[in-house]
Structure formats: structure tokens, C-alpha cells
Amino acid sequence: MTGLWVIGGIIAAAVLVGACLTRRPVRSLCGSALEGICALAAVNVFSVFSGVTLGVTTFSLAVSCVLGIPGVATLLVMQVLFGL
């Protein structure tokens with residue numbers, strides 16, 4: 001589990017550097033985090049229809065905040081393919 005946090009830290013640093021290269025880094029980071037949290041909530045709301053749920057844990061919240069919608073999509077793929 002520690003390895004996941006190390007990899008996550010490296011990815012978070014890359015996202016932070018990428019956001020700093022934009023004109024409005026804070027706006028970019030906050031927008032991405034908000035989109036990720038809304039996507040995570042939408043997955044859980046529509047789990048009634050799809051049958052796939054994502055638990056709201058520290059890890060899933062961190063992934064959705066840092067990576068946004070692609071992070072939530074990756075969590076969904078991991079859930080469906082690997083049952084994680």
C-alpha cells in the first residue's frame with residue numbers, strides 16, 4: 001500500500017507542475033478536483049443502474065481530487081476488471 005502512495009505522490013507532483021505551467025494554476029487545480037469529486041459522486045449515484053460502486057475512501061478521494069475525471073475512470077476500470 002505504501003507503494004501506491006509513493007506513485008500517487010509522484011503523479012501529484014506531475015499534476016502540480018503541469019498546473020503551474022498554465023496561466024491560472026489555482027483555478028486549474030480547483031476545477032480538476034471539483035470535477036473529480038463530482039464524477040465520483042455521480043458514479044455512486046448511478047450505481048443503482050450500473051451495479052458498479054466506488055467506495056468513498058481516502059485513496060479514492062485523493063485519486064479523484066488529483067487526477068479528476070480520468071482518475072475516476074481509472075478507478076472504475078480497476079473495479080470492473082480486477083474487482084479491487
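In which helix is Phe82 found? Phe82 is found in helix α5, which covers residues 69–82, in what is a predicted model.

**Overall build**
- Taken along the principal axes, the C-alpha atoms of the protein chain fill a box of roughly 40 × 25 × 20 Å.
- Of the 84 residues in the protein chain, 18% are buried, a class that requires a relative accessible area under 20%.

**Packing of α2 and α4**
- Two packed helices are described by the angle between their axes and by the distance between those axes.
- Helix α2, made of residues 25–45, packs with helix α4, made of residues 58–67, at an angle of about 135°, and their axes are 6 Å apart.
- The crossing in which α2 passes α4 is right-handed.

- Ala12 and Arg24 are 12 residues apart along the chain, and a distance of 17 Å separates their C-alpha atoms.
- Leu34 has its place in helix α2, and Leu34 counts as exposed because its relative accessibility is 55%, where exposed means over 50%.
- The C-alpha atoms of Leu34 and Ile7 are separated by 22 Å, and these two residues are 27 residues apart along the chain.

**The nonpolar surface patch**
- Val45, Phe46, Val48 and Phe49 form a nonpolar patch on the surface, and together these residues have about 500 Å² of accessible area.
- Val48, one of the residues in this patch, lies in helix α3, which is made of residues 47–50.
- The relative accessibility of Val48 is 69%, so Val48 counts as exposed.

**Residues in α5**
- Leu76 lies in helix α5 and counts as partly exposed, because its relative accessibility is 25%.
- Although Leu76 and Leu40 are 36 residues apart along the chain, their C-alpha atoms are separated by 9.6 Å.
- Phe82, which is likewise found in helix α5, counts as exposed, because its relative accessibility is 59%.
- The C-alpha atoms of Phe82 and Thr58 are separated by 20 Å, with the two residues lying 24 residues apart along the chain.

Methods
Residues numbered from 1 in each chain as written. Predicted model: local features only at pLDDT ≥ 70, side-chain atom pairs only at ≥ 80, totals over all residues. Heavy atoms only, no water. Patch = residues over 30% accessible without salt bridge, like charges linked within 9 Å, V, L, I, M, F, W, Y side chains within 5 Å. Areas by Shrake-Rupley, 256 points an atom, 1.4 Å probe, with all protein chains shown as cover. Salt bridge = Lys/Arg side-chain N within 4 Å of Asp/Glu carboxyl O. Helix = DSSP H or I, 4+ residues; strand = E, 2+ residues; numbered from the N terminus. Buried < 20%, exposed > 50% of the residue type's maximum accessible area, 1.4 Å probe, protein only. Axes fitted to C-alpha atoms, helices over the stretch in contact; angles between N-to-C directions. Left-handed = near helix turned anticlockwise from the far one by under 90°.
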